[in-house]
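Here are my notes on the model, point by point. Please read them with the structure open.

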Amino acid sequence: MVKSTQYRLQRDPIFFFTVGCFALLTTGLPAVLGQPRFMPLLQAVALTLFMLIPLRQRDVRGALAVMFLWLTLQTSILLVLTWFAPVQLERAFEGGFLFRAEMSEWYFAGSPLPASFASQPIPSLVEILGILAGSLFTGGLVGNWFLLRMANLAAFGAGSLLVALENPLWLPIALPPWSVLQLIGGGGLVALLAEPLASGQLGAGIRRFGGERRRPLLLFGAIYLAGLALELVLPTFWHFYQG
């Protein structure tokens, strides 16, 4: 007797290939065209739609796989594009030229880290609220918008710093641990908090946060908080190469 298995789209390699293609398309094209508002909006809508497929079946693992594949490709392509065409990529970010200058001033002159909790506390609090409440009450859409904006800026900042350092081998320094931890923790939180509404079981989904979803929620929450804490402490000491 042949045992039948149920086909799941989110387990099909073609599904993840399609996710990857959309991650590259919605990042690379708006970045090259210099679209600071359109890029994160297009990214957030596309990622949310792909996450809905596994989340509608309460498949959080599938949603997490989509999330981290997307974040990896998005940050990678922006890093590469910034490395090869930093002036071109400035147009894809509001105040891109100023941000690049502030990144260099922070690293080489000890100025405050730009777009951080210490230098911009109110926008940072809004970002945290958007990732948490925005994910829960919009099925991940608002949370993804805040998260992907953060990923775009982290990748652009890292690429800009690599240009100043003139060596791609300094990537672990240019993309610091607080950014990586915030992206990992924030990505996990968005996927988990989006599940109740995305699955059509808001009340039951929220109750699961105290049960089967409690451990991953605490794990990703701790990673996100660790990233915020390191962002408050490490930037003052994060200067390994002065040219």
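1. Arg213 is buried, because its relative accessible area is 11% and the cut-off for buried is under 20%. This is a predicted model, so the remarks here concern computed geometry.

2. Which residue does Arg213 pair with in helix 9? Arg213 forms a salt bridge with Glu195, with 2.9 Å between the closest N and O atoms. Arg213 sits in the loop between helix 10 and helix 11, and Glu195 in helix 9, so the bridge ties together parts 18 residues apart in sequence. Both Arg213 and Glu195 are buried.

3. Arg213 also bridges to Glu212, where the closest N and O atoms are 3.6 Å apart. Glu212 is partly exposed, at 48% relative accessible area.

4. Glu212 has a further partner in Arg58: their side chains meet in a salt bridge of 3.2 Å, N to O. This pair links distant parts of the chain, 154 residues apart. Glu212 is in the loop between helix 10 (202-208) and helix 11 (214-233), while Arg58 is in the loop between helix 2 (38-55) and helix 3 (60-84). Arg58 is partly exposed, with a relative accessible area of 32%.

5. These contacts belong to a network of salt bridges that links Arg58, Glu195, Arg208, Glu212 and Arg213. The whole structure holds 7 salt bridges.

6. Helix 9 deserves a look of its own. Is it enclosed or open? Of its 22 residues, 17 are buried, so helix 9 is largely enclosed by the rest of the structure. Just after helix 9, Gly200 takes a positive phi of about 75°.

7. On to the rings. A search of the whole structure finds 13 aromatic pairs. In one of them, Phe99 and Phe156 have ring centres 6.0 Å apart and planes at 25°, so the pair is stacked. Phe99 lies in helix 5 (residues 96-109) and Phe156 in helix 7 (residues 141-165), so the contact ties together parts 57 residues apart in sequence. Phe99 counts as buried at 10% relative accessibility, and Phe156 counts as buried at 0%.

8. Trp106 and Tyr107 make an edge-to-face pair, 5.8 Å centre to centre with 70° between the planes. Both residues are buried. They are part of a cluster in which ring pairs link Trp106, Tyr107, Phe108, Trp178, Trp238 and Phe240.

Notes. Residues numbered from 1 in each chain as written. Predicted model: local features only at pLDDT ≥ 70, side-chain atom pairs only at ≥ 80, totals over all residues. Heavy atoms only, no water. Buried < 20%, exposed > 50% of the residue type's maximum accessible area, 1.4 Å probe, protein only. Helix = DSSP H or I, 4+ residues; strand = E, 2+ residues; numbered from the N terminus. Salt bridge = Lys/Arg side-chain N within 4 Å of Asp/Glu carboxyl O. Phe/Tyr/Trp six-rings, centres within 6.5 Å; stacked < 30°, edge-to-face > 60°.
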